[in-house]
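Reader: I would like to learn how to read a structure like this one. Please take me through it feature by feature.

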Amino acid sequence: PALDESDLDFSEKPKLSVGAAAMFAKRHDRHAPTSYPVFIDDRVLKAGLEIDFRWRGFSLEAEAFLRQAWLQTGAKADAETAFQQFGLGALGKSAYVQTGYFVTKRKLELTARFDYVDVEPATPGYILRPAGGLNLFLQGYNVLVQLMYRANIGRGFANDLDFWRSLRPND
């Protein structure tokens with residue numbers, strides 16, 4: 001049932017899927033987020049689990065992810081310093097759960113979502129993202145109007161700068 005996020009087909013029988021994924025990659029010449037050019041070669045391992053459920057217009061999805069990276073042996077000292085300073089080797093975590101229910105069959109769906117994100121695990125703090133919305137299916141999945149509100153709530157950050165840096169890690 002995980003092909004689409006909503007139960008637009010209005011499944012008469014409960015549908016459940018469970019999945020797991022893992023990725024290992026050797027990355028070369030990655031730019032560390034410093035004010036001066038520092039390039040690193042690292043390894044990254046990502047793992048995730050997901051569950052998906054559909055039944056009579058109700059949908060529920062949840063996923064959780066972990067990420068761990070480490071430098072190759074023999075990295076230069078400035079690369080090692082940047083890697084540790086910016087928390088690139090810390091264990092990253094994120095998860096979300098989202099749900100939807102058709103108020104009118106195959107037309108109007110109420111939705112809700114909640115995310116937990118810790119993209120800079122070396123810096124204390126994490127982000128919570130509660131959200132809610134409406135989906136109006138005008139022509140199935142081909143024409144869909146969405147209205148959604150999402151809040152970005154920082155918890156445990158030492159200051160506003162750490163929160164905004166975590167919210168937008170590429171800036």
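**Surface, core and salt bridges**

Author: Start with one residue. Leucine 110 has 45% relative accessibility, so it counts as partly exposed. Leucine 110 sits in strand β5, residues 108-118. Keep in mind that this is a predicted model.

Reader: What does leucine 110 form on the surface, and with which residues?

Author: A nonpolar patch, together with Tyr101, Val103, Leu134 and Leu147. The patch has about 480 Å² of accessible area.

Reader: Which residues make up the largest nonpolar core?

Author: The general idea: in soluble globular proteins, nonpolar side chains tend to be buried together. Here the largest nonpolar core has eight residues: Ala25, Ile40, Val44, Ala69, Leu71, Ala79, Phe83 and Leu88. The elements β2, β3 and α1 each give two or more residues to this core. Overall, 30% of the 171 residues in the protein are buried.

Reader: What does phenylalanine 83 touch?

Author: Leave out residues up to four places away in sequence. Then phenylalanine 83 touches Ile40, Asp42, Ala69, Trp70, Leu71, Leu88 and Gly89.

Reader: Aspartate 42 is on that list. Is aspartate 42 buried or exposed?

Author: Aspartate 42 has a relative accessible area of 0%, so it is buried. Its place is in strand β2. Beyond four places in sequence, the contacts of aspartate 42 include Lys26, Arg27, Arg30 and Gln72.

Reader: How many salt bridges are there?

Author: Five, taking a side-chain nitrogen of Lys or Arg within 4 Å of a carboxyl oxygen of Asp or Glu. One joins glutamate 12 to arginine 56, at 4.0 Å from N to O. Glutamate 12 lies in the segment before β1 (15-31) and arginine 56 in the loop between β2 and β3, so the pair ties together parts 44 residues apart in sequence. Glutamate 12 is exposed at 52% relative accessibility. Arginine 56 is partly exposed at 42%.

Reader: Which salt bridge does aspartate 118 form?

Author: One with lysine 93, whose closest N and O atoms are 3.8 Å apart. This pair links distant parts of the chain, with aspartate 118 in strand β5 and lysine 93 in strand β4 (residues 92-104), 25 residues apart. Aspartate 118 is buried at 9% relative accessible area. Lysine 93 is partly exposed at 32%.

Reader: Which residues do salt bridges with shared partners join?

Author: Asp52, Arg54 and Glu61, in one network. In the bridge between aspartate 52 and arginine 54, the closest N and O atoms are 3.1 Å apart. Aspartate 52 is buried at 1% relative accessibility, and arginine 54 is buried at 2%.

Key
Residues numbered from 1 in each chain as written. Predicted model: local features only at pLDDT ≥ 70, side-chain atom pairs only at ≥ 80, totals over all residues. Heavy atoms only, no water. Buried < 20%, exposed > 50% of the residue type's maximum accessible area, 1.4 Å probe, protein only. Core = buried A, V, L, I, M, F, W, Y, C linked by side-chain atoms within 4.5 Å. Helix = DSSP H or I, 4+ residues; strand = E, 2+ residues; numbered from the N terminus. Contact = heavy atoms within 4.5 Å. Patch = residues over 30% accessible without salt bridge, like charges linked within 9 Å, V, L, I, M, F, W, Y side chains within 5 Å. Areas by Shrake-Rupley, 256 points an atom, 1.4 Å probe, with all protein chains shown as cover.
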